[in-house]
Amino acid sequence: MTTLRLLLADQLDPQHPWFDSVDEGVVHVFMEVRQETDHVLHHAQKVLAMFAGMRELARQLREAGHRVRHVAVDDPSNRQSFTDNLDALVAHYQATAVQYQAPDDWRVDAQLARWADARRAEGLQVDMVDTDHFLTTRDEAAEIFAKRKQWLMEHFYRQMRLKHRVLLDAEGQPEGGQWNFDHDNRKPWPGTPAEPADWRTPHDHSALWATIEAAGVKTFGDPQAERLAWPLNRAEALQHLQAFVTHALPHFGDYQDALTGKAWRLFHSLLSFALNVKMLRPREVIDAAEAAWHAGHVPLAAAEGFIRQILGWREYVRGVYWAQMPGYDEKNHFGHALPLPPWFWTGDTQMACMAQAVGQSLREAYAHHIQRLMVIGNFALLAGLDPQAVHRWYLGVYIDAIEWVELPNTLGMSQFADGGLLATKPYVSSAAYIDRMGDHCKGCHYRKKERIGERACPFNALYWDFHLRYDDQLRRNPRIGMVYRNIDKMDEAERDAIQQQARGIQARLDRL
Ligand code: FAD
C-alpha cells in the first residue's frame, strides 16, 4: 500500500505536517517538468533556483529518512507533465493513493483536479491538502468584498490586522493610532544611509545549469549559475530574514518608493522568492517585523509599511486571483495591443530609468516594487502595450513570479486591464514623478521637462496623451481631477502637438 505525495516547485516548506513523521508507505515526489519550464519563457535564474530548491528539499527529506522520488528534467522516464508522470508513478509503485498540496496557480489546480476526478472514478484515492502557508483561504477576500464594486486593499488589510491581531494595542486599536503610515513612506533616497551589503550567500549551481541547458530548456536573462544567491532552503531563508530585519527594515519605510541608478534593491527585503516557494511562512515574517518594532529596533512606520505588504497586499492579491480566475488573464480594459519593444529583452534603451529597471531585471531576476509599477509598468500602460504580453514578460522575468501574485499585480494594479477592480486609478506618471522619487533623470538622454521634440522624455507626451485618449472613462474619477483641470487649460494646438508626439513615440518604440 503506497501513497504518493506530489510536491510542486513552489511547495518547499520543510515544516509542512507531511514531514512530521517518517512513513515507509509514503513516497514524496518532485518533478522537473517541461510543462512548467515552457508555459512562458522564464528567466534562467528562476528555473535554476526552482530546480535547485526542489533538489535541496529532496536531499533533506532523504537525510531525515523519508522516501523520495525525484524526476529530473533529463530522466528518460520523465514524461514532462505532472499528470503523465503521476500515471507512470502510480503504476510503478502500485500506489493506492495520491495526495497533493493545493496548487496556487489556477492552471495547475485545474489540471490536477481534472486528473483527480478521472482517477477517482477508476478507484484511486486522490486527496488535496492545504499548504498551511497563507493567512487566508482562497475565498476569503471574495467573502469580505461580497457585492462591493471595488476591492479596496485598505479595507481588507484592516480586517486582517484585527483578525490576526497584528500591530494592535491592548484596546484592539492600531498601534500609533493609525492603520497606515504610507504618507511617511515616500522619500527619495539621498544616497545615505548606504544600501546594506548583499546578505545572500552565492552558491555554484553550474552543473545543474548545464543539465538544464542540455535538456533544451529555453530561458532568458543572466543565469548567474556560478554564484546563484537566492535562498535554496529554509535555514538560508531564515538567515536572510534576520539580515533584512537587522540591516534594512529600519529604513524600509522611508525609502520604500525611492528610485535610484546607484543601488539595485535599496532597503527592500528580497524575501519574495523564499516566501512564494514557502520556505518562509508569512506569519513568521510579520512576527519578526513586529518584534523588531517592539524591541525599539525599527520605527513603527517601517514595520507597518512592511507588514502591510505581506498581511495586506500579498494575501489580498491572492484573493483577487482566486475570485477572478479563470478569465482574469484575458482582461484588456483599454484594448491595448502594441507588442513589447525588443529592448525588454536587452535593456538597451536611452531612457535611463527603463534601462536600469529592465537591465537589472534581466541581470538579477529582480526589480523592486516601484521599478515594476512606476517605471516598467507605467511605461507599458502609457505606451499601450498588450497587457497579456506584459503579463507574460513579468511572469517570466522575476524570480518571485508565480501567477497568483504576478497576474493581479501586473494586469490589475499596473495595467488597469481589469477596468479598476483592484486599482482606484491607473498607476501612471510623467517624468516629474520619476524625477521626484529618484536620480535617473539627471544625465538621461531625454529631457525631463520637455513634452515635445526628439529629446523630450517619452513619459511626458505619453502621459498627457493617455489622459486625452481615455477622457471619457477617466475624467469622472475624483483622484484624477487635477490632471483634467490641467488638460482643460491647454489649447487645441497644444493637445494636437502632444497627441502627434505620442503617436510618433508609439511608432518608434523599438528605437527609444
Ligand atoms: P519588499 O519590498 O521587501 O516587500 C516585502 C514583501 O511584501 C515581498 O517579499 C512580497 O512578499 C510582499 N509584497 C509587496 N508588495 C506586494 C504586492 N503588491 N503583492 C504581493 N505581495 C507583495 N510580487 C511577487 O511576489 N511576485 C510577482 O510576480 C510580482 N509581480 C509584480 C508585478 C508588478 C507589475 C508589480 C507592480 C508588483 C509585483 N509584485 C510581485 C509585488 C512586489 O513588487 C514584489 O513582491 C516585491 O518587489 C518583491 O521584492 P521584495 O521581496 O524585496 O519586496
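Guide: Arginine 363 is partly exposed, with 15 other C-beta atoms within 10 Å. The classes rest on C-beta atoms placed from the backbone: a residue is buried if 20 or more others lie within 10 Å of its own, exposed if 12 or fewer, and partly exposed in between. The model is predicted, with local features needing pLDDT of at least 70 and side-chain atom pairs counting only at pLDDT 80 or more, while totals for chains, interfaces and linings use all residues. Residues are numbered from 1 along each chain as its sequence is written.

Arginine 363 sits in helix α13 (residues 352-364); helices are DSSP runs of H or I with at least four residues, numbered from the N terminus. Its C-alpha atom is separated by 40 Å from that of arginine 475, which is 112 residues away along the chain.

The chain as a whole is divided into domain 1 (2-129), domain 2 (140-202 + 232-324) and domain 3 (342-511), with bounds from an automatic or database domain assignment. The C-alpha centres of domain 2 and domain 3 are 25 Å apart. Their contact takes 22 residues from domain 2 and 29 residues from domain 3, two residues being in contact if their C-beta atoms, placed from the backbone, lie within 7 Å. On the side of domain 2 that touches domain 3, α10 and α12 each supply at least two residues, and the largest share, 5 residues, is from α12. By class, that side has 11 nonpolar, 6 polar and 5 charged residues. Here Ala, Val, Leu, Ile, Met, Phe, Trp, Tyr, Cys and Pro count as nonpolar, Asp, Glu, Lys and Arg as charged, and the others, Gly among them, as polar.

Domain 2 and domain 3 each give at least three residues to the shell around the ligand. Of the 28 residues around the ligand, His268, Ser269, Ser272, Gln309 and Glu406 come nearest. Helices α10 (272-276), α12 (300-324), α14 (369-383) and α16 (403-414) each supply at least two residues of the shell. Its make-up is 13 nonpolar, 11 polar and 4 charged residues.

Notes:
Near = placed C-beta within 6 Å.
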